[in-house]
Amino acid sequence: MSLKEKYSQEIEQILAKYPPEHKRSAVMPLIYMAQREGGYVTKEEMAEIAAIVGITETEVASLIGFYTLFHDKKEGIYRLQICTDLPCALRGADRFLRDVCDHLGIQPGETTPDGLFTVEEVKCLAACDHAPVMQVQSPQGIEYHEQLTLDMTIGLLDALRQAEEAE
Amino acid sequence: MAHILLRHRDIPDIDQLDVYVQNGGFAAFKKAVTTMQPDEVTEEVKASGLRGRGGAGFPTGLKWSFMDKNNWPHYVVANADESEPGTFKDREIMERNPFQFLEGVAIAAYAVGAHRAYVYLRGEFWQVAAWLDEKIAEMEAAGYLGENLFGTEYSLKIYTHLGAGAYICGEETALLESLEGKRGQPRIRPPFPPSYGLYGKPTVVNNVETLANVPYIIANGAQAYRQFGTEKSPGVKIFSLSGNVNKPGNYELPLGATFRELIYEYGGGIQDGHKIKAIMPAGASSAVIVANDEALDTPMDYENVQNVGSMLGSASVIVIDDTFDMDWVVAKTIEFFKHESCGKCTPCREGNYWMLNIIERIEEGEGSPQDVQLLDNVAHQMQGKCLCALGEFATMAVTTSIERFPEDFAKRVGGQHE
């Protein structure tokens, strides 16, 4: 199904936020919309977004390449994005990242064999006072989890796994 | 002292519209729209001495007065791209005291004659954006946004817009490019946004915290605001305290409070009884300060922090204790800037790449004293050669750590290990 068939109302709402002669501004919200369900944007969707806002497919692809929260490849349903920047690292974030990876049996950047979790080492999330911090990017949006311990994180991952299995 | 910005700490439900209104909310916006000419609003903000809280410290009222009145429409864009490692103040304002921020946006829009304002949030603030959308809808329903505000001809709409994970979009011209649906890469300046901004139209770009100050200034007057802070740096500031302190968090203090007060009185001192070693007053972009008594007793305002060889920036104070080596700290900041360089200017794109290469070699124990010199050399080569400040910021911790903590680097390249 095309994006227009699936999300016609939402596309109108997004376009309405910008002056009609500057539709291009809608491109980033449209990319978010397109990748919401599957976690990434397909070539067909890129072409459709390009047509909606009046730019080329290449330009859409270049935006997906430039911004770290946009994806063009299928990876884990839940992207576990852990900050290891200086303020978090001073409070144990490097260790936390290693522990989460060890628990899942993968390295940063990899996806668990069941396709559920991808661990990503990311840059500052603006929650430095609550390190260690992880954001979870998924079809449900982006959620912050702060002042984490490994136990809390394992509990969270188990809950996400159970919710997926229940579906 | 009652908070000016973090008012939710005194009035917990101030994120509810009726509570905000009961506590004087929107009185400043109403006063501006119904009793003041737009230029009078700008003059009042100018007189308050408010300076940009996003890092650059540019006088806010002056920025507003630069708007080109021969070119319309005008826009206001709130910079909520908060991404500097160590900064987490704007998020607290938007989450806990959202109406005060939005009222600040509205007053700024009235002052510069804008009928459309955008709040550009970093993509990670997805939940915050949804929350602000709710708050904006509540304001529209209550008649604080929309057409014919307070029975006048003035109308205003505010929209949120999400970025998608790029530190560079905190730079105002990169932010505008991004808002136009392009890659977030800085523009050549001049022209500056008040003459050529969003869609080529005059635009004011202000940080969230800056705008949150505005309702107080309009409601109480510039002189009342000047009772806080110092002569040259008036007002209050939110200090984001992070790193090796017992109580990291946001602290709203008058400008001119000392590092010692912030770190020991409010932050509860250093973790685990360790000793303080270094301070980065402006996040990862800081020149690093040796945390001696002179530094600790320095007033945190725009002028004095410069006098001890750093800058106040967005006042994101990262504290480093004596269990960490500064070469490791530098490796962390270089990794950050290498990742966040937008790639437009060669010195920044290539310089960060090579700095990362060298520091990784040093961290792996494969470095030589010449590598430290080379690192310093590359950093100095980058300075003053880029379109925006990122290329400059990327070198600050590098050059100052090598200069002020040479022993940490010597230890790493001399073959000795801890």
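Predicted model: local features only at pLDDT ≥ 70, side-chain atom pairs only at ≥ 80, totals over all residues.
1. Domains of chain B. The domain assignment divides chain B into domain 1 (7-226), domain 2 (236-321) and domain 3 (326-413). For domain 1 of chain B and domain 2 of chain B, the C-alpha centres are 27 Å apart.

2. Extent of the interface between domain 1 and domain 2 of chain B. On the domain 1 side 19 residues are in contact with 19 residues of domain 2. About 1,400 Å² is buried between domain 1 of chain B and domain 2 of chain B, and carbon and sulfur atoms give 48% of that area.

3. Between domain 1 of chain B and domain 2 of chain B, 16 residue pairs are in polar contact, counting pairs with both residues at pLDDT 80 or more. Two elements of chain B, helix H5 (89-96) and helix H9 (208-220), each give two or more residues to the side of domain 1 that touches domain 2. Of these, H5(B) provides the largest share, three residues. The rule also finds two salt bridges across the interface of domain 1 and domain 2 of chain B. Separately, B:Lys237 and B:Glu209 form a salt bridge through their side chains, at 2.5 Å from N to O.

4. Position of B:Glu180. This residue sits in the loop of chain B that runs between helix H8 (172-179) and strand E4 (203-207). Is B:Glu180 buried or exposed? With a relative accessible area of 8%, B:Glu180 counts as buried, because the cut-off for buried is under 20%.

5. Surroundings of B:Glu180. The side chain of B:Glu180 is in polar contact with the side chain of B:Arg187, at 2.9 Å. Apart from neighbours within four places in sequence, the residues in contact with B:Glu180 include A:Arg24 and A:Ser25 from chain A. From chain B, the contacts of B:Glu180 are B:Arg187, B:Gly197, B:Leu198, B:Tyr199 and B:Gly200.

6. Strands E3 and E4 of chain A. Strand E3 (residues 134-138) of chain A pairs with E4(A) in the antiparallel sense, over five bridges. A hairpin of two residues joins E3(A) to E4(A). Within this pairing, A:Gln135 is opposite A:Tyr144 of E4(A).

7. Burial of strand E4 of chain A. Why is strand E4 (residues 141-145) of chain A described as largely enclosed by the rest of the structure? Because four of the five residues of E4(A) are buried.

Terms used: Residues numbered from 1 in each chain as written. Chains lettered and ligands numbered in written order. Heavy atoms only, no water. Buried < 20%, exposed > 50% of the residue type's maximum accessible area, 1.4 Å probe, protein only. Polar contact = N/O pair within 3.5 Å; in protein donor to acceptor, adjacent residues only side chain to side chain. Contact = heavy atoms within 4.5 Å. Pairing = 2+ DSSP bridges. Domains from an automatic or database assignment. Buried area = accessible area lost by both parts, 1.4 Å probe. Salt bridge = Lys/Arg side-chain N within 4 Å of Asp/Glu carboxyl O.
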